[in-house]
Amino acid sequence: MAGLANVFGSGAMSNSMLEIENNNLMFVIGSNTTETHPIVGLKMKKAVKRGAKLIVADPRKINLVKFADLWLQQRPGTDVALLNTIMHVILREGLEDKEFIKNYTENFENFRGSLAEFTPEIGEKITGVPKEKIIKAALMYGEADKAGIYYTMGMTQHTHGTDNVYAVANLALMTGNLGKESAGVNPLRGQNNVQGASDMGCLPNVYPGYQKVDNLASKEKFEKEWGAKLSDKPGLTVTEITDAAINGSIKAVYIMGENPVLSDPDQSHTVKGLSSLDFLVVQDIFLTETAELADVVLPATCYAEKDGTFTNTERRVQRVRKAVEPPGDAKEDSWIITELSRRMGYEMTYHHIEDVAHETGRVWPAFSGITYNRIEKLGIQWPCPTKDHPGTSYLFKGGFPRGKGLFTSVNYKPSAELPDVEYPFILSTGRQLFQYHTGSMTRRTPAIETIAGQAYVEISPEDAEALGIKDGQVIRVSSRRGSIEIASKVSDRPLKGMVFIPFHFKEAAANVLTNTAVDPVCKIPELKVCAVRIEA
């Protein structure tokens, strides 16, 4: 989908957080927004109070459901079928934006044909959502003037995650909800500077600004800027690196600010990969479970101990300022990287961290107008091509980078591992409000541990009764990859036949259980669906 894929694949919101409050309709799918993005969740609640309609699609009864006009409780992994059925109904009712489709899109007729089989009856059969609710969702979204879609890793962490994103983009294109205020397609990033890291080229197939490494013009531009010869071959993704370490084709890995022992699927597989290396370096602020396996640990500074910028989920580049001195021998990430580079024979000539921003503006036009002076008090959203440009609150006004938005036909594909007689439950993993990621920071905070310091597995009352499980009872959850013992939490939140485990807790690590199957395009693992067995 070219320009669209670059934006939504990189996770950038097409619109802004401030615009949420003026949505006519919000469609939240695969996002436990109030717990994982509380500020965005607060804006959604404000929008509801102002009269906006809210559709929530989630297999769990998340807190946001209390504010929703409509809750679609689909089976995990059936999002494409749900979205295609909604679009089938929109077309049947004539609610597509014909002028937008004519002027700003292509491949619509072929795409239209791909939706023919997704009748409400078929949609209900695949997703488990009553057809009346699917039809109501289609009418609500199709009739809204300004409709925004919001999603997170509940959509992307599947073997068909790319198809999920395409389906979301198709829905927005069909109804003309791109290129205007308080609408759009809005992926919400999972950590504080994931957007900034992606923008700066921390992906295996692009340079800064999402410029492809296998594009000759991009390669030559960066070779000239950096004074070095560069490869035109895309690198490996995180999941591919683990496999490459096991088969011996990768000998050394440098991990910075990441804890894959707890965050990657199939913990035993991850540990085997890291242990197979000749050399492992981990750069972090604490001795994480991954750092414990390292040959060398480089102590780094936290956000309050360094200068630079973070870029948030709405593409806003913001200043980060050093507030306190780092402890012990901890050094800024930028100092560690430039010093390592110097000792390995390549001199990085940055005299101040702002020099990095200047360089970024030279090689990426969308960043050219962003300077430290301009973001002294308030950040600026890229694209910002010139020093007098105000930044871009929403993307695609007047058209798309590739010329026209391309409709992409996607079909429903089942998840890689579904329940069977031996493993009859679906496990989905995720986050909860009080803990953050693998807990390397939050689990060192006594107040948080007092409130939310115990691992748990959510199980429906019907399933708990059938298995003779009581609330709080320690039970065993097993998959084809391993077993954990964990406290049960009998709750009406999960769908019958589904269980949910937050992945923050090393003593009952959810990723002991999860599957290493990945999306064939972007290689993201299927952390949201795998088959498990429950034993009292």
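**Entry 1: helix H16**

Helices (H or I, at least four residues) and strands (E, at least two) are DSSP runs, numbered from the N terminus. The model is predicted, so local features need pLDDT of at least 70 and side-chain atom pairs count only at pLDDT 80 or more, while totals for chains, interfaces and linings use all residues. Residues are numbered from 1 along each chain as its sequence is written, and side-chain values use heavy atoms, with hydrogens and water left out.

H16 covers residues 333–343, and I found Asp-333, Ile-336, Glu-339 and Ser-341 buried in it. Here buried means under 20% relative accessible area, exposed means over 50%, and partly exposed lies in between (1.4 Å probe, protein chains only). The buried residues of H16 pack against strand E9 (252–256), strand E10 (279–284) and strand E11 (296–299). Contact is taken as heavy atoms within 4.5 Å.

I also checked Trp-335: the charged end of Lys-331 sits over its ring, 5.3 Å from the centre. The criterion is NZ of Lys or CZ of Arg within 6 Å of the ring centre and within 35 degrees of the ring normal. Elsewhere, Lys-489 lies over the face of Tyr-456, at 4.5 Å from the ring centre.

**Entry 2: open sheet**

I traced an open sheet of five strands in the order E3-E2-E1-E5-E6, with parallel pairing. Strands pair if DSSP finds at least two bridges between them. Strand E3 (70–72) and strand E6 (184–187) are at the edges with a single partner strand each, so one side of each has no neighbour in the sheet. From one strand to the next the twist averages 15 degrees. Axes are lines fitted to C-alpha atoms, for helices over the stretch in contact, and angles run from 0 to 180 degrees between N-to-C directions.

Within this sheet I looked up E1 (residues 25–29) and E2 (residues 53–57), which run parallel and are joined by five bridges. Met-26 has Leu-54 as its bridge partner in E2. Helix H8 (residues 131–143) packs on the sheet and touches E1, E2, E3 and strand E5 (147–151), with its direction at about 125 degrees to that of E3.

**Entry 3: helix H10**

Helix H10 (residues 161–174) lies across E1, E5 and E6 and runs at about 170 degrees to E5. I compared its length with expectation: at 1.5 Å a residue, the 14 residues should span 20 Å, and the end C-alpha atoms are 20 Å apart, which agrees. The expected span is 1.5 Å times one less than the number of residues. I found 13 of the 14 residues of H10 buried, so the helix is largely enclosed by the rest of the structure. Just after H10, Gly-176 has a positive phi of about 70 degrees.

**Entry 4: Asn-312**

I located Asn-312 in the loop between strand E12 (308–311) and strand E13 (316–320). Asn-312 counts as buried, at 14% relative accessibility. Leaving out residues up to four places away in sequence, Asn-312 touches Met-17, Asn-192, Gln-195 and Gln-318.

**Entry 5: aromatic pairs**

I searched the whole structure and found 14 aromatic pairs. Rings of Phe, Tyr and Trp (its six-membered ring) pair if their centres lie within 6.5 Å; planes under 30 degrees apart count as stacked, over 60 as edge-to-face and the rest as tilted.

The rings of Phe-111 and Phe-407 have centres 4.9 Å apart and planes at 20 degrees, so this pair is stacked. Phe-111 is in helix H6 (residues 108–114) and Phe-407 in the loop between strand E15 (405–406) and strand E16 (425–430), 296 residues apart. I noted both Phe-111 and Phe-407 as buried.

The rings of Tyr-207 and Trp-226 have centres 6.2 Å apart and planes at 80 degrees, so that pair is edge-to-face. Tyr-207 is buried at 7% relative accessible area, whereas Trp-226 is partly exposed at 23%. Ring pairs also link Phe-100, Tyr-104, Phe-396 and Phe-400 into a cluster.

**Entry 6: barrel**

Last, I followed six strands that close into a barrel in the order E16-E20-E17-E19-E18-E21, with mixed pairing. Neighbouring strands of this sheet are turned by 45 degrees against each other on average, direction ignored. Strand E18 (residues 474–479) and strand E21 (residues 530–535) pair in the antiparallel sense over three bridges. Ser-478 has Arg-533 as its bridge partner in E21.
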